[in-house]
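Me: I am new to this structure and would like to learn how to read its features one at a time. Please give the general idea each time, then the case here.

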Amino acid sequence: MSATSGRRTAKKDGGRSVESSAPTTDPFDALPELTPLRTAGENGDWAATKAFFAGLDSVDKVSFASGALADIWGTEKYLQQAAEDRPADPLPRTLLAERYIRLGWKARSAARAQDVTREQFKEFHAWLRKAEGLLIEVCAEQPGYAPAWTARLLTARGLELGQSEARRRYDRLSEHHPHHFRAQSQLLQQLCPKWGGSWEAAHGFARESASAAPDGSHSAVLVAEAHIEHWLDLPGDEDIAYLRGVPVRDDLRHAAQVSVLHPDHRPGWHWINGHSAFALAFSLGGHLEDAARHFAALGNTASESCWQYLPDWKNQFTKYRTAALATL
């Protein structure tokens, strides 16, 4: 999940808030390794930005950092200049496209579609079309460039290009990078009913990705994300009953064991998202002993992308964390 996941509205779970220290949600604060990137972005320093990305040892980190940089205010100015100065380099164009996408989603807001004004949609689509133009060029020149294909999953969803086109883009990426977590998480959003998909498709993709990935990878986190999205879509008391069900609980347990709890798990930079998704799903389902290991791993960090589905979510997080850790 992400800030551009097409979130609809916060959902109540009937819990009581408690006062406690608020969790750290900014990835730049939670992941010290990203500090040089924040400094480069805030200073508009392309040389430092390029050096940071050149030092990354995985495509997953490049894609994660691309999304993180896009959240820094004003970076489009120096990224535009970098893209103009280096027309053959895919990195500045991809980073600029990510920033355009973020500006577009900010203009749209997280409101339901019927509550978004015509002017908001117009600005939203204008930013996404600018991003898409850059990304089309990059993908044509560099067919295996995962960060650009990942960003194109965001533009496909925002421009409402449909399920087939989104899947085509993901398939092109997965030919070169079959277990790219950020891309998988973005496609999962597209497969949900709110974007024209179905629960059969969403859960099917999550389980397919989990079973195909090596043990210890992040792909099985998609199982938790799919169940959270399904919970969010259910009315009244059906939502909590869904997560409390034994089949869902067991599905979550297995997914956690083969991903973030597996002995071969390498945290990378997605570990906060992974543990946050499992902590939320288990907590809402009342499976506090299962949630405890994920809260223990998180400490005072959390991924806002899934937890902000709850009202007053930071207090909800600390309430559930206290209850879960008490079971250890």
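Reply: Start with accessibility: E160 counts as exposed, at 58% relative accessibility. The classes are buried (under 20% relative accessible area), exposed (over 50%) and partly exposed (in between), with a 1.4 Å probe and protein chains only. This is a predicted model, in which local features need pLDDT of at least 70 and side-chain atom pairs count only at pLDDT 80 or more, while totals for chains, interfaces and linings use all residues. Residues are numbered from 1 along each chain as its sequence is written, and side-chain values use heavy atoms, with hydrogens and water left out.

Me: Where is E160 found?

Reply: E160 is in the loop between α8 (146-158) and α9. Helices are DSSP runs (H or I, at least four residues), and strands are too (E, at least two), numbered from the N terminus.

Me: What is the phi of E160?

Reply: Most residues other than glycine have a negative phi. E160 is not a glycine, yet its phi is positive, about 55°. D312, also not a glycine, has a positive phi of about 50°. D312 is in the loop between α17 and α18, and with 45% relative accessibility it counts as partly exposed.

Me: Which residues of α10 are buried?

Reply: The buried residues of α10 include F181, R182, A183 and Q184. Eleven of the eleven residues of this helix (residues 181-191) are buried, so α10 is largely enclosed by the rest of the structure.

Me: How many aromatic pairs are there?

Reply: Rings of Phe, Tyr and Trp (its six-membered ring) pair if their centres lie within 6.5 Å; planes under 30 degrees apart count as stacked, over 60 as edge-to-face and the rest as tilted. By this rule the count is 13 aromatic pairs. Take F295 and F317: their ring centres are 5.3 Å apart and their planes stand at 70°, so the pair is edge-to-face. The pair links distant parts of the chain, with F295 in helix α16 (residues 288-298) and F317 in helix α18 (residues 313-325), 22 residues apart. F295 is buried at a relative accessible area of 1%, and F317 is buried at 0% relative accessibility.

Me: Why is the pair of W307 and F317 edge-to-face?

Reply: The ring centres of W307 and F317 are 5.1 Å apart and the planes are at 80°, so that pair is edge-to-face. W307 lies in helix α17 (residues 304-307) and F317 in helix α18, ten residues apart, and this pair too links distant parts of the chain. W307 and F317 are both buried.

Me: Which residues do ring pairs link into a cluster?

Reply: Ring pairs join F52, F53, F64 and W269 into a cluster. A charge can also sit over a ring, if NZ of Lys or CZ of Arg is within 6 Å of the ring centre and within 35 degrees of the ring normal. The charged end of K61 sits over the ring of W269, 5.1 Å from its centre.

Me: How many salt bridges does the structure hold?

Reply: Side chains of opposite charge can pair when their charged atoms come close. A salt bridge is a side-chain nitrogen of Lys or Arg within 4 Å of a carboxyl oxygen of Asp or Glu. The structure holds 20 salt bridges. D29 bridges to R38, with the closest N and O atoms 3.1 Å apart. D29 is partly exposed at 46% relative accessibility, and R38 is partly exposed with a relative accessible area of 22%.

Me: Which residues are linked in a network of salt bridges?

Reply: The network links E132, R152, E165, R168 and R169. Within it, R169 forms a salt bridge with E165, the closest N and O atoms being 2.7 Å apart. R169 and E165 are four residues apart in helix α9 (residues 163-174), so about one helical turn separates them. R169 is buried, its relative accessible area being 2%.

Me: At what angle do α12 and α14 pack?

Reply: Axes are lines fitted to C-alpha atoms, for helices over the stretch in contact, and angles run from 0 to 180 degrees between N-to-C directions. Helix α12 (residues 221-233) packs against helix α14 (residues 246-257) at about 150°, with the axes 8 Å apart. The two helices are therefore roughly antiparallel (over 145 degrees; under 35 is roughly parallel, 65 to 115 roughly perpendicular and the rest oblique).
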